[in-house]
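Dear colleague,

I am handing over the structure we spoke about, and below it you will find my notes on what was found. Please read them with the coordinates open beside you.

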Amino acid sequence: MPARPDVAGALLGAARDLSAALAPLRFAPPVAHVYDPLRYAWAPYEAYVRRYGATRKRIVLLGMNPGPFGMMQTGVPFGEVAAVRDWMGIEAPVGEPSDMHPRRPIEGFACRRSEVSGRRLWGWAAARWVTAERFFADAFVLNWCPLVWLEASGRNRTPAQLPAVELEPVHRACDLHLARALRALGPEWAIGVGGFAERRLRTVLEGDAVDGAFARSVRVGQILHPSPASPAANRGWTEAVDTRLAELGIAVPRAR
């Protein structure tokens, strides 16, 4: 009998390699600080992958990069503290970045601010699948990039706001990680949470980093990003996601 694939091991190996590839990169002003939760918050990320990423999935949801009160604090994609601690049952030590912005401290699971995007995404998952175990038996959530770019004011900069010369090596490293993660998880559907993530999925699946037959077997879609900066998300993100997934033909449990 063939050995069972070590999906969690493959994901963790890819994440370590991604963090190592990004570590030497430097970014010009207005970027003043760069955080990598895969370094200082590795313990909760590893727990997340080992507990919930050990099997192949029907659906992979892909975000862009960490939010200030989500993955930046807990190491888990869209990792709003209450969702990670209380719904997923994960709480682990979190360190600090080497050059921490005084206005963006890392408090880990002691952070009292709620990440709206994470609260919406994981709240939707809990309303449909009820338990984390049921959700993760079916799906998994990743971020395309682990880095957080902060200006001197404390304002976040998104990957798309970086100059092309700085973004190119980020693309190269993060796309390779995404290809390795998709190969390990073997999804039927890869869903971008927002347009940026969908474009990265299509780029990777149309490139040569994944086997052509596998790439053709993965269907790509997009859902609205749950960010409070999006007026559409604020008008009913949950309903918009349910509608879009139904249009794509992706079956999810009915709301409880």
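How many bridges join strand β4 to β5, and do these strands run parallel or antiparallel? Two bridges join β4 (residues 148-151) to β5, and the strands run antiparallel; within this pairing, Leu-150 has Asn-156 of β5 as its bridge partner. Please keep in mind throughout that this is a predicted model.

The pair belongs to an open sheet of three strands, ordered β1-β4-β5, with antiparallel pairing. Because β1 (31-35) and β5 (156-157) stand at the edges with a single partner strand each, one side of each is left without a neighbour in the sheet.

With a relative accessibility of 3%, His-101 counts as buried, and a polar atom of its side chain lies 2.8 Å from the backbone oxygen of Ala-152.

The other open sheet has four strands in the order β3-β2-β6-β7, and here the pairing is parallel. Its edge strands are β3 and β7, each of which pairs on one side only, and the twist from one strand to the next averages 25°. Between β2 and β3 the parallel pairing extends over five bridges, and Ile-59 has Ala-139 of β3 as its bridge partner.

Strand β3 (residues 139-143) also holds Asn-143, which at 8% relative accessibility counts as buried. A polar atom of the Asn-143 side chain lies 3.5 Å from the backbone nitrogen of Met-64, and the contacts of Asn-143, leaving aside neighbours within four places in sequence, include Leu-62, Gly-63, Met-64, Asn-65 and Pro-66, as well as His-177.

Across β2, β6 and β7 lies helix α9, which runs at about 170° to β7. Eight of the 11 residues of α9 (residues 195-205) are buried, so this helix is largely enclosed by the rest of the structure. The buried residues are Gly-195, Phe-196, Ala-197, Glu-198, Arg-200, Leu-201, Val-204 and Leu-205, and what covers them includes β2 (59-63), α8, β6 (189-193), α10 (212-217) and β7 (219-223).

Helix α8 (residues 164-185) in turn packs with helix α1 (residues 7-22), at an angle of about 175° and with the axes 9 Å apart; α1 and α8 are therefore roughly antiparallel to each other. On the α1 side the contact includes Val-7, Ala-10, Leu-11, Gly-13 and Asp-17, while on the α8 side it includes Val-170, Cys-174, His-177, Arg-180 and Ala-181. By class, this contact of α1 with α8 has 14 nonpolar, two polar and two charged residues.

Within α8, Ala-181 deserves a separate note: at 0% relative accessibility, Ala-181 counts as buried. Although Ala-181 and Ala-10 are 171 residues apart in sequence, they are 7.4 Å apart in space, C-alpha to C-alpha. Neighbours within four places in sequence left aside, Ala-181 is in contact with Leu-11 and Leu-142.

With best regards

Methods:
Residues are numbered from 1 along each chain as its sequence is written. This is a predicted model: local features need pLDDT of at least 70, side-chain atom pairs count only at pLDDT 80 or more; totals for chains, interfaces and linings use all residues. Side-chain values use heavy atoms; hydrogens and water are left out. Axes are lines fitted to C-alpha atoms, for helices over the stretch in contact, and angles run from 0 to 180 degrees between N-to-C directions. Angles under 35 degrees count as roughly parallel, over 145 as roughly antiparallel, 65 to 115 as roughly perpendicular and the rest as oblique. Contact means heavy atoms within 4.5 Å. Ala, Val, Leu, Ile, Met, Phe, Trp, Tyr, Cys and Pro count as nonpolar, Asp, Glu, Lys and Arg as charged, and the others, Gly among them, as polar. Buried means under 20% relative accessible area, exposed over 50%, partly exposed in between (1.4 Å probe, protein chains only). A polar contact is a pair of N or O atoms within 3.5 Å; within protein, one must be able to donate a hydrogen and the other to accept it, and residues adjacent in sequence count only if both atoms are side-chain atoms. Two strands pair if DSSP finds at least two bridges between them.
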